[in-house]
Amino acid sequence: MSTIDQIDFRTFRKLELKQHGRAYKILNGALKNPYVLIAPAVIIALGTTVFALIFCIAMSFMKWDLIWGTIEFVGFYNYKYIFTDTLFLTSLRNTIVFMVVAVFIGLALKVVVGVFLNKNKPGHNLVQTIMFTPYIIATVAIATIFRYMMQPTSGVFNLILSTLGLPTSDWYLGAQTALMSLAFITIWQGMGYGVLIVVSGLRSIPDYVYEAARLDKSSKPNTFFRITVPLLSPTLFYLLVTSSVAAFTTFDIVAMMTDGGPGTSTYMLAYYVYMQGIRFMHYGRAMAASVVLLLITASLSVANFALAGKKVHYQ
Amino acid sequence: MTDIYKKSLLKKKNPLVWKIAECVILAFLFILFVLPFYYMIISSFKSTVEAMRNPPVWWPAQFLWGNFADAWKGANFTKYGWNSIVISTCVVFTCLACSVPCAFAFGRMEFKLKKPLFAIILSDMMIPVQCVFLPLFILFSKLGWLNTYGSMILLFTYSGATIFFIRNAFMQVNNEVLEAARLDGASELTVMYRVTFPMVKPVVVTMALMAFLRRWNDYFWNLSLTTNDRVRTLPYAIQALNAATDGALPRWEVTMAGATMLMAPMLIAYIFANKQIKNAFIYSGIK
């Protein structure tokens with residue numbers, strides 16, 4: 001404690017002594033100028049998002065011939081192309097199915113488990129802490145574990161299913177089950193974060209609200225749906241938006257586990273953009289697809305910002 | 001009063017059956033989230049035959065530490081690990097150097113164009129990277145920045161969310177304290193580093209941690225902004241190990257050892273600082 005203070009004091013003294021130096025004066029003047037302070041962040045932001053966005057939208061109306069190096073304006077050609085491309089339509093459909101399952105079932109489970117774990121007991125806290133671990137682990141590592149455990153012949157999951165007398169599954173290697181397997185892993189990985197946010201949301205609801213409900217002889221389900229859910233709505237809405245944006249831009253797990261397969265059963269929008277852009281070099285198509293992806297996610301984010309200002313509920 | 005009322009209600013409605021059910025659900029959740037990690041770590045000690053056996057082996061006959069050495073060599077951990085450490089560490093410093101002054105300006109200063117500039121800063125919260133990586137790929141390849149440490153660091157240097165949270169912390173600092181320091185003759189540097197900065201330190205530490213995590217776990221930019229192995233990081237190496245398991249003779253134990261090593265730093269950090277890490281995420285979730 002004291003040593004830190006001493007070090008701080010020494011650096012402070014050094015700064016004081018150098019106050020009349022030229023470098024110090026320039027630095028000090030620069031720090032008073034807000035434009036200097038924000039310059040690096042604004043420049044990078046302009047380059048990596050604003051410029052990239054404008055470029056992306058502009059290029060989606062162009063045809064870029066990589067062999068001749070010519071760029072010509074083709075209007076909505078790329079959009080017409082992708083909306084008649086079965087692969088794009090499949091990936092759009094897959095993404096929406098994946099989003100609905102991963103987000104809505106995921107959110108329902110997060111709320112239920114969150115309400116269940118909202119007790120300050122050692123057991124509950126331990127489970128909550130463990131549950132959060134997958135969220136900070138790289139998706140690559142998570143996908144590796146599940147690839148191993150979901151092996152159809154020697155995997156743990158099928159062993160457990162057959163021990164319980166249930167039919168076994170092909171998991172991520174079956175065309176019917178692959179998308180749902182990915183959704184399962186996504187829910188599993190995001191569970192701890194959702195529960196953490198739900199629990200902290202629940203703890204911020206004041207006790208007297210429940211007390212009033214109890215005095216009015218409100219039944220438990222009634223209290224839950226009429227009081228807990230509305231007061232939790234900002235939290236739930238935040239979770240809903242962030243997890244649907246994440247679901248729409250799912251990439252890592254597809255690239256890691258299935259490469260869009262088997263067949264095209266797990267081809268998703270972000271993966272389509274990646275494959276068209278980086279692998280096949282169809283820049284125009286890829287950018288048109290990413291504009292579609294952007295429109296979906298941006299409208300979700302705008303809804304979030306608009307509603308975050310006005311609270312979703314009244315207390 | 002409230003507590004007594006709650007307890008009496010609970011006692012009436014909760015017989016032993018409910019308590020047992022609660023324990024069963026807790027145990028189920030515990031197993032659901034511990035089992036994959038247990039199985040991964042235990043599998044990284046198995047022999048090749050054990051790793052392939054049906055039914056699965058829960059405890060290997062012999063603990064083979066050599067698997068880790070194989071994974072280290074097979075995935076070229078020395079190179080990719082070095083890349084991971086260098087890039088992630090640099091990202092923490094550049095991210096803070098870029099975000100803290102910017103957040104200070106937005107939180108504590110008044111200037112023209114503040115609102116539109118702040119909208120630009122927040123733009124990356126609205127635009128997912130999957131939508132803009134392609135223009136960046138083209139731009140960086142024209143500039144010759146592909147496969148450089150700089151480009152990998154640059155992309156994580158700026159983060160709208162980081163600036164947003166640090167700015168909120170700056171806004172909560174009491175203005176009178178700063179005025180008092182200025183009246184005492186403190187220069188702007190002194191005000192910033194001696195008075196304001198200590199007050200927002202917890203948030204800044206949290207954001208530094210998140211920056212490290214984001215970069216360490218990143219896989220997307222590894223694939224989309226590089227054309228060779230020069231600056232790729234560990235997640236890519238694990239992916240390469242994984243691809244090998246599709247072959248005729250999969251060595252799952254080596255892949256598992258690799259994945260264990262990839263997540264070991266995060267896991268160890270989480271075991272020792274789980275409260276802080278959880279609080280960091282709560283903070284970023286609820287504004």
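**Entry 1: the interface.** How many residues of chain B are in contact with chain A, and how many of chain A with chain B? I noted first that this is a predicted model. I then found 77 residues of chain B in contact with 75 residues of chain A. Helix α15 (residues 252-285) of chain B gives the largest share of chain B's side, with 14 residues. I also sorted that side by class and got 56 nonpolar, 16 polar and five charged residues.

**Entry 2: chain B as a whole.** I went through the secondary structure of chain B and listed 15 helices and zero strands. Next I looked up its dimensions: along the principal axes, the C-alpha atoms fill a box of roughly 75 × 70 × 35 Å. The radius of gyration of chain B is 25 Å, whereas a compact globule of 287 residues would have one near 19 Å. I found that 38% of the 287 residues of chain B count as buried. For contacts in chain B with a separation of 6 or more, I read that 77% join residues 24 or more positions apart.

**Entry 3: a hairpin in chain A.** I turned to chain A and followed strand β1 (residues 62-65) and strand β2 (residues 70-73), which pair in the antiparallel sense over four bridges. Within this pair, I saw A:K63 standing opposite A:E72 of β2(A). The hairpin has four residues between its strands, and A:G69 takes a positive phi near 75° there.

**Entry 4: one alanine in chain A.** Is A:A143 buried or exposed? I placed A:A143 in helix α7 (residues 139-149) of chain A. A:A143 counts as buried because it has 27 C-beta neighbours inside 10 Å, and the cut-off for buried is 20 or more. Leaving out residues up to four places away in sequence, I found that A:A143 touches A:I253, A:M256 and A:M257. I also checked A:A255, which is 112 residues from A:A143 along the chain, and their C-alpha atoms are separated by 9.8 Å.

Methods. Residues are numbered from 1 along each chain as its sequence is written. Chains are lettered from A and ligands numbered from 1 in the order in which they are written. This is a predicted model: local features need pLDDT of at least 70, side-chain atom pairs count only at pLDDT 80 or more; totals for chains, interfaces and linings use all residues. Helices (H or I, at least four residues) and strands (E, at least two) are DSSP runs, numbered from the N terminus. A residue is buried if 20 or more other C-beta atoms lie within 10 Å of its own, exposed if 12 or fewer, and partly exposed in between; C-beta atoms are placed from the backbone. Two residues are in contact if their C-beta atoms, placed from the backbone, lie within 7 Å. Two strands pair if DSSP finds at least two bridges between them. Ala, Val, Leu, Ile, Met, Phe, Trp, Tyr, Cys and Pro count as nonpolar, Asp, Glu, Lys and Arg as charged, and the others, Gly among them, as polar. The radius of gyration is taken over C-alpha atoms; the globule rule is 2.2 Å times the number of residues to the power 0.38.
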